[in-house]
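Hi everyone, thanks for coming. Have the picture ready, and I'll talk you through it.

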Amino acid sequence: MDFFFYIMIIAVIAIASDTIIKTRKARIEELRLKVEQEKLAIQRLELEMKRDQDKLDEHGF
């Protein structure tokens, strides 16, 4: 009887740890995507600034 009880405990712990690991991996992926979005936003702003600066240079400012 004790043997099956321990097997059940091990199975529950294994399922719980797998769930925790998957959750953390998903969170890491979300953070990685957020960093990529921020990088792209910075690049877009840099390009807009360069475009605005080029416009100013054309007009002699």
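Let's start with a term: a residue is buried under 20% relative accessible area, exposed over 50%, and partly exposed in between, using a 1.4 Å probe and protein chains only. By that scale Arg 27 is partly exposed, because its relative accessible area is 46%.

A word on where this comes from. This is a predicted model, so local features need pLDDT of at least 70, side-chain atom pairs count only at pLDDT 80 or more, and totals for chains, interfaces and linings use all residues. Residues are numbered from 1 along each chain as its sequence is written, and side-chain values use heavy atoms, with hydrogens and water left out.

Okay, the overall look. The protein chain has 1 helix and 0 strands; helices (H or I, at least four residues) and strands (E, at least two) are DSSP runs, numbered from the N terminus. Why is the chain more spread out than a compact globule? Its radius of gyration is 26 Å, well over the 10 Å that the globule rule gives for 61 residues. That radius is taken over C-alpha atoms, and the rule is 2.2 Å times the number of residues to the power 0.38. The C-alpha trace spans about 90 × 10 × 5 Å along its principal axes. And how much of the chain is buried? Buried residues make up 0% of the 61 residues.

Now the salt bridges, meaning a side-chain nitrogen of Lys or Arg within 4 Å of a carboxyl oxygen of Asp or Glu. A search of the whole structure finds 7. Back to Arg 27: its partner is Glu 30, with the closest N and O atoms 3.4 Å apart. Those two are 3 residues apart in helix α1, so about one helical turn separates them. Glu 30 is partly exposed too, at 46%.

Further along, Arg 44 and Glu 48 meet in a salt bridge at 3.2 Å, N to O. They sit 4 residues apart in helix α1, again about one helical turn. Arg 44 has a relative accessible area of 47%, and Glu 48 has 29%, which makes Glu 48 partly exposed.

One more pair: Asp 54 bridges to Lys 50, with closest N and O atoms 3.4 Å apart. Both lie in helix α1, 4 residues apart, about one turn of the helix. Asp 54 is partly exposed, at 34%.
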